[in-house]
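Biologist: I would like to go through the strands, helices and chain contacts of this entry one at a time. Please show the sequence and the structure before we start.

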Amino acid sequence: MAPAPSETLKRTPLYARHVEAAARVIPFAGWEMPVHYAGIREEHVAVRTSAGVFDVSHMGQIETTGPQAAALLQRLLSNDVEALAVGASQYAVLCREDGGVLDDLLTYRLAPDRFLTVTNAANHERDLAWFLRHAAGLDAEVADALDAYAMLAVQGPGAREVVQSIADAPLPPRHTSAKRTLAGAPALVCGTGYTGEDGVEVLCAPADAVRLWDELVRRRAVPCGLGARDTLRLEACLPLYGNDLSEDRGPIEAGLGWCCREETGFIGSEAVRAVREAGPSERLVPLRLTEPGIPRPGNAVAGGGVVTSGTLSPCLQVGIGMAYVPPAEAQVGTKLQIDVRGKTRGAVVAQRPLYSKERDG
Amino acid sequence: MADASYPDDLRYHPEHDWVRLEGDIATFGITWFAQDALGEVVFFDPPEVGSTVTKDQPYAEVESVKAVSDVVAPLSGEIVEVNTELGKAPEAINTDPYGEGWLVKVRLSDPAEQDALLDAETYAASLT
């Protein structure tokens, strides 16, 4: 996925802040993004115990408006978009006709005929083209809103308090969004995230991003990079497109049947229904190593299967990951053998989430 | 992690290993530059005592949260000791790369190989 050296990498409005903070900046999906500042583990722990702030301005936005906006999205997205209330958010996958997953997306209904969909950076252009292609003939307008927004994720048990302290009104509850003024800047505040913690995601004008970032950091939100974002989401068993989700597999295999409403007739719904009825040939499961070592994407699972995500859990201090395995191997407690670069490591299919504050302390 | 340092009493391999020579026994580790590039080391998978290592070939792996990296042998020989403390505290590779972060001790099979190693100044100059 690394771009050719000649390709110009994009920078978010916060790039200068990352460099000033001595972050390690890497190419990611066409962007120069911070992988860590102080260190992945320190940032990870900050989000689990207090509050962290992530620059996720590389994520894309697509705005869909018009009388048939809902009808278009109902056709594109796997979830029941018509049932989405104004102010609410909904997770869904974007499928090809054969059910292969093109992206996983969060959509906010801002008004009855106005929706904002957040895309993965690496998929944004493809998603946009897909939206535009299927909008033809409908009374709906699809607009690329990538350049209209910077996006900050403030996550952790103390995140809401930090954001509330600069907000003009109470923050929207979990899974909902609302327009607020943060430190004088108009923003869309959403009770969503990708860490398994409470918190909000904030969409604002690019010109306001630095001021917001500074206000949040001044209130002790710890700057966090993509490294901690990955370890946090993996402990929470949230799938990552490009690792755990791809065009080669469908949502049922990935355990995302809960966000698929085949009765809505979305593109790919027939393929998804067929897999749901017949049962998938493989399932995405969380796993924990029972011995030292760290599973990594591409590691084979004995008996058929492959690891799609893996890391050392900063909270559990053991190797964790997600893997596609045959359904017979997918029950919690099933022992697995993983080939970690030639060494066989024992693992066990674990409960979701891999880390839970209540369970694991 | 402290600032960059490349002690004068060590020899260096271009693949970012250091060597401390004591008679025909050499201690290997990774340089400040290598640990900084890796980020926080969370796992060291040592080779077995008694196994042989070959100059310029990988002999072990160190893992950060994000990635796995091969460690290349700066010289050839037989592993006589591995730093078992790193099993509990691999972060020593970051905090003290030339001290408690040492990886293995090797009985050299061809001491003449060390002529190809770099001194601290030459190695440090190669990084810029």
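Biologist: Which residues in α3(A) meet which residues in α4(A)?

Modeller: This is a predicted model, and that applies to every answer here. On the side of α4(A), the residues are Phe131(A), His134(A) and Ala135(A). By class, the contact of α3(A) with α4(A) has four nonpolar, one polar and one charged residues. The residues that α3(A) brings to meet those of α4(A) are Leu72(A), Arg75(A) and Leu76(A).

Biologist: What is the strand order of the six-stranded open sheet of chain A?

Modeller: The pairing in this sheet is mixed. Its edge strands are β10 (177-182) and β13 (222-224) of chain A, each pairing on one side only. On average, neighbouring strands of this sheet are turned by 30° against each other, direction ignored. The order is β10-β11-β12-β9-β3-β13.

Biologist: Which residue of β9(A) is the bridge partner of Val53(A)?

Modeller: Strand β3 (residues 52-55) of chain A and strand β9 (residues 150-155) of chain A run antiparallel and are joined by four bridges. In β9(A), the partner of Val53(A) is Val154(A).

Biologist: Is Thr181(A) buried, exposed or partly exposed?

Modeller: Thr181(A) sits in strand β10 of chain A. A residue is buried with 20 or more other C-beta atoms within 10 Å and exposed with 12 or fewer. Thr181(A) has 13, so the residue is partly exposed.

Biologist: Beyond its neighbours within four places in sequence, with which residues is Thr181(A) in contact?

Modeller: Thr181(A) and Ala167(A) are 14 residues apart in sequence, with their C-alpha atoms 5.7 Å apart. With neighbours within four places left aside, the contacts of Thr181(A) are Asp168(A) and Pro186(A).

Biologist: Which strands of chain A does α2(A) lie across?

Modeller: Helix α2 covers residues 40-49 of chain A. The helix runs at about 120° to β13(A). The strands that α2(A) lies across are β3, β9 and β13 of chain A.

Biologist: Which residues make the contact between α2(A) and α7(A)?

Modeller: The axes of α2(A) and α7(A) come within 8 Å and cross at roughly 55°, which makes the two helices oblique. The crossing is right-handed. Helix α2(A) contributes Ile40(A), Glu43(A), His44(A) and Val47(A), and α7(A) contributes Gly227(A), Ala228(A), Thr231(A) and Leu232(A).

Biologist: Which elements give two or more residues to the side of chain A that touches chain B?

Modeller: In total, 13 residues of chain A are in contact with eight residues of chain B. The residues on the side of chain A divide into five nonpolar, six polar and two charged. The elements giving two or more residues to that side are β2 (31-36), α2, α7 (226-235) and β16 (306-312) of chain A.

Biologist: Why is one side of β4(B) and of β7(B) left without a neighbour in the sheet?

Modeller: The open sheet of three strands in chain B has the order β4-β6-β7 and antiparallel pairing. Because β4 (41-45) and β7 (68-72) of chain B stand at the edges, each has a single partner strand. The pairing of β4(B) with strand β6 (residues 58-64) of chain B runs over four bridges, and the bridge partner of Val41(B) in β6(B) is Ser64(B).

Biologist: Which residues form the covered face of β18(A)?

Modeller: In a regular strand, side chains alternate between the two faces of the sheet. Strand β18 (residues 335-340) of chain A has Lys335(A), Gln337(A) and Asp339(A) on its uncovered face. The covered face is formed by Leu336(A), Ile338(A) and Val340(A).

Biologist: Which residue takes a positive phi in the hairpin of β18(A) and β19(A)?

Modeller: Six bridges join β18(A) to strand β19 (residues 343-349) of chain A, and the two run antiparallel. Leu336(A) has Ala347(A) as its bridge partner in β19(A). The hairpin has two residues between the strands, and the residue with a positive phi near 45° is Arg341(A).

Terms used
Residues are numbered from 1 along each chain as its sequence is written. Chains are lettered from A and ligands numbered from 1 in the order in which they are written. This is a predicted model: local features need pLDDT of at least 70, side-chain atom pairs count only at pLDDT 80 or more; totals for chains, interfaces and linings use all residues. Two strands pair if DSSP finds at least two bridges between them. Axes are lines fitted to C-alpha atoms, for helices over the stretch in contact, and angles run from 0 to 180 degrees between N-to-C directions. Two residues are in contact if their C-beta atoms, placed from the backbone, lie within 7 Å. Ala, Val, Leu, Ile, Met, Phe, Trp, Tyr, Cys and Pro count as nonpolar, Asp, Glu, Lys and Arg as charged, and the others, Gly among them, as polar. Angles under 35 degrees count as roughly parallel, over 145 as roughly antiparallel, 65 to 115 as roughly perpendicular and the rest as oblique. A crossing is left-handed if the near helix is turned anticlockwise from the far one by less than a right angle, and right-handed if clockwise.
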